[in-house]
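Thanks for taking a look at this one with me.

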Amino acid sequence: VQLVESGGGLVQPGGSLRLSCAASVSISSINVMNWYRQAPGNQREWVASITRSGITNYADSMKGRFTISRDNAKNTVYLQMNSLKPEDTAVYYCNAIEAGSYWGQGTQVTVSS
């Protein structure tokens with residue numbers, strides 16, 4: 001499984017970004033798709049997940065601001081991020097759990113004025 005993230009960039013506080021994670025296989029066959037992030041000097045932290053059946057979960061600090069979704073026809077998972085804060089600055093990674101754990105290369109999100 002190969003994963004390619006895109007959509008990162010520089011955004012002002014309060015702004016929005018939508019990240020995409022394109023998979024090389026049908027995501028309808030993948031048990032769980034996750035988004036993680038890692039800020040400089042910090043451990044990688046889990047952000048959100050979506051199961052094959054569409055059940056979503058979020059880290060507490062992202063609830064109400066971030067939305068994970070999937071488009072099976074495009075084999076793509078999205079992370080809509082609203083009301084961004086400087087502390088959301090990190091490299092965001094896509095992860096797939098299916099007979100193993102697979103990671104993308106990450107996309108940088110910088111929230112700064």
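1. Let us begin at a salt bridge: the side chains of aspartate 88 and arginine 37 meet there, 2.8 Å from N to O. By salt bridge I mean a side-chain nitrogen of Lys or Arg within 4 Å of a carboxyl oxygen of Asp or Glu. The two partners come from distant parts of the chain, 51 residues apart: aspartate 88 sits in the loop between β8 and β9, and arginine 37 in strand β4. Strands, like helices, are DSSP runs numbered from the N terminus (E, at least two residues, for a strand; H or I, at least four, for a helix). Side chains of opposite charge can pair when their charged atoms come close.

2. A word on what you are viewing. This is a predicted model, in which local features need pLDDT of at least 70 and side-chain atom pairs count only at pLDDT 80 or more, while totals for chains, interfaces and linings use all residues. Residues are numbered from 1 along each chain as its sequence is written, and side-chain values use heavy atoms, with hydrogens and water left out.

3. Are aspartate 88 and arginine 37 buried or exposed? Both are buried, a word used here for under 20% relative accessible area, with exposed meaning over 50% and partly exposed in between (1.4 Å probe, protein chains only). The relative accessibility is 1% for aspartate 88 and 7% for arginine 37.

4. Each of these two residues has a further partner. Aspartate 88 also forms a salt bridge with arginine 65, where the closest N and O atoms are 2.7 Å apart. Arginine 65 lies in the loop between β6 (56-58) and β7, so its pairing with aspartate 88, in the loop between β8 and β9, ties together parts that are 23 residues apart in sequence. Arginine 65 is buried as well, at 10% relative accessibility. Through shared partners, salt bridges join Arg37, Glu45, Arg65 and Asp88 into one network.

5. Glutamate 45 is partly exposed, with a relative accessible area of 34%. The structure as a whole holds four salt bridges.

6. While you are in the loop between β8 and β9, please look at serine 83, which is found there too. Its relative accessibility is 40%, so serine 83 counts as partly exposed. Leaving aside residues up to four places away in sequence, serine 83 touches Gly14, Gly15, Ser16, Arg65 and Asp88; contact here means heavy atoms within 4.5 Å. Asparagine 72 is eleven residues from serine 83 along the chain, and their C-alpha atoms are separated by 27 Å.

7. Next comes strand β9 (90-97). How many of its eight residues are buried? Seven of them are, leaving β9 mostly covered. Strands are said to pair if DSSP finds at least two bridges between them. β9 runs antiparallel to β4, joined by seven bridges, and tyrosine 36 stands opposite tyrosine 93 in β9.

8. β9 has other partners. With β11 it pairs in the antiparallel sense over three bridges, and alanine 90 stands opposite valine 109 in β11. Strand β10 (residues 101-103) is also antiparallel to β9, again over three bridges, with alanine 96 opposite tyrosine 102. In the hairpin of β9 and β10, three residues lie between the strands, and alanine 99 takes a positive phi near 50°.

9. What does a search of the whole structure find in the way of disulfides? There is one, formed by cysteine 21 and cysteine 94 with their sulfur atoms 2.0 Å apart (the cut-off for a pair of cysteine sulfur atoms is within 2.5 Å). Cysteine 21 lies in strand β3 and cysteine 94 in strand β9, so the pair ties together parts that are 73 residues apart in sequence. The torsion about the S-S bond is about -80°, so this disulfide is left-handed. Cysteine 21 is buried at 0% relative accessibility, and cysteine 94 is buried at 0% too.

10. The largest nonpolar core has 29 residues, among which Met33, Trp35, Leu79, Met81 and Tyr92 touch the most other members. Strands that each supply at least two residues of this core include β3 (17-23), β4 (32-38), β8 (76-81) and β9. Such a core is a set of buried Ala, Val, Leu, Ile, Met, Phe, Trp, Tyr and Cys residues joined through side-chain atoms within 4.5 Å.
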